[in-house]
Amino acid sequence: MRAHSPSAAAHERWRLVPATPSPVRLSLPARARNIAVVRRALEAIAEELALPRRLVEDMRLAVTEACTNVVRHAYSGTEADDQSALRVELRPQPRGMLVVVEDRGRGLSPSPDGGGPGLGLPLIAALTEDLEISHGPDNRGSRVAMSFAPVIEAA
Amino acid sequence: MSEAAASPNGSPGTTRVSIASGPLVGPVLRRVVGMLAARADLPLDRLDDAVLVADLIASRAPAHVAAAAVDVDLETGDRTLFLRVGPLRPGGGDALIVDAAVPGVGNVIEQLADDLSVQPEGDAEYLHVRLAYPA
């Protein structure tokens, strides 16, 4: 997890949003092409909130990894085409963003092709301020909740 | 109004975007619609049309939705993009279309959509829009 040490001067590095906007939710088939849709939505929110570029890059990478895990491992066959196979919630926070990626499939178990989860989760953990992994809705699948906040560098 | 605008309706392959009414509706919806219009292989002028329709829906729909969020189902076909906006409150579909009129230009959604319809479902109704480019 990323170290975080806020300071008064650091508050000037990002725009404080007067009222944190409400969340954006996406429900999509768990197909690789839809990861780009999630990234677009994420970028739109980040731009609107004027989040720091470095933070946006970290979010984009971590969210891509989380969605890729769902696409690769959660479903077999046409289950992936269900409209709610991949659910993503993008919830702006006063200092960053909470992103939740859910599936209703096999969750984070190894894929049938033998290529199990590799660097994805450690990478996500390294890029997030806080990471929570649990079962998805109705105890099915997986739920990956990622909190992102700007890194504060020592003066 | 045409039956041809009836898709999508939660069918496989549909993407659903639900955005709480507020400042994110426009930025998120225009990006997602633009992306899917490109995926549908719409040419640039029709892609611009789709984004314009998205902007109008984003700015007008919050006044007519049944809940606190703007929900849009999107589906791509062969050089075709379907949008289903709702649930809208009763009368909200037609009101949204009327609201989309721009002084001196007319009703932009009506002019740009290949098909446009309002369909009731349960206690609510949905606006269906189809944007296409002829083969």
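How much area do chain B and chain A bury between them, and what percentage of it lies on carbon and sulfur atoms? I started my notebook with that one. The model is predicted, and in it the two chains bury about 1,900 Å² between them, with 62% of that on carbon and sulfur atoms.

**Entry 1: the interface.** I looked up who supplies the area on the chain B side. Leu24(B), Arg31(B) and Met35(B) provide 33% of what chain B buries against chain A, more than any other three residues. Counting contacts, I found 20 residues of chain B touching 23 residues of chain A.

**Entry 2: helix α1 of chain B.** Next I checked the helix that covers residues 25–39 of chain B. Its 15 residues, at 1.5 Å a residue, should span 21 Å, and the end C-alpha atoms are 21 Å apart, so the two values agree. I then listed the buried residues of α1(B): Val25(B), Pro27(B), Val28(B), Leu29(B), Val32(B), Val33(B), Gly34(B), Met35(B), Leu36(B) and Ala37(B). A reminder to myself: an α-helix has 3.6 residues a turn, so residues three or four places apart point the same way.

What do the buried residues of α1(B) pack against? In chain A I found β1 (24–28) and α1 (35–48). In chain B the partners are β1 (15–20), α2 (44–60), β2 (69–77) and β3 (80–88). After the helix comes Asp41(B), with a positive phi near 65°.

**Entry 3: the nonpolar core.** I asked for the largest nonpolar core and got one of 80 residues. Leu90(A), Val99(A), Met146(A) and Val28(B) have the most contacts inside it. Helix α2 (residues 53–74) of chain A gives this core its largest share, 9 residues.

I followed up on Leu90(A). Leaving out residues up to four places away in sequence, Leu90(A) touches Pro23(A), Val24(A), Leu26(A), Ala41(A), Leu42(A), Ile45(A), Met97(A), Leu98(A) and Val99(A).

**Entry 4: chain B as a whole.** Chain B has 4 helices and 7 strands, in the order β-α-α-β-β-α-β-β-α-β-β along the sequence. Its C-alpha trace spans about 40 × 35 × 30 Å along the principal axes. A compact globule of 135 residues would have a radius of gyration near 14 Å, and chain B has 13 Å, so that agrees.

I also noted that 53% of the 135 residues count as buried. Of the contacts in chain B with a separation of 6 or more, 69% join residues 24 or more positions apart. Last, the accessible surface of chain B comes to about 5,500 Å², with 53% of it belonging to carbon and sulfur atoms.

Notes: Residues numbered from 1 in each chain as written. Chains lettered and ligands numbered in written order. Predicted model: local features only at pLDDT ≥ 70, side-chain atom pairs only at ≥ 80, totals over all residues. Heavy atoms only, no water. Core = buried A, V, L, I, M, F, W, Y, C linked by side-chain atoms within 4.5 Å. Buried < 20%, exposed > 50% of the residue type's maximum accessible area, 1.4 Å probe, protein only. Helix = DSSP H or I, 4+ residues; strand = E, 2+ residues; numbered from the N terminus. Contact = heavy atoms within 4.5 Å. Expected span 1.5 Å × (residues − 1). Rg over C-alpha atoms; globule rule 2.2 N^0.38 Å. Areas by Shrake-Rupley, 256 points an atom, 1.4 Å probe, with all protein chains shown as cover. Buried area = accessible area lost by both parts, 1.4 Å probe.
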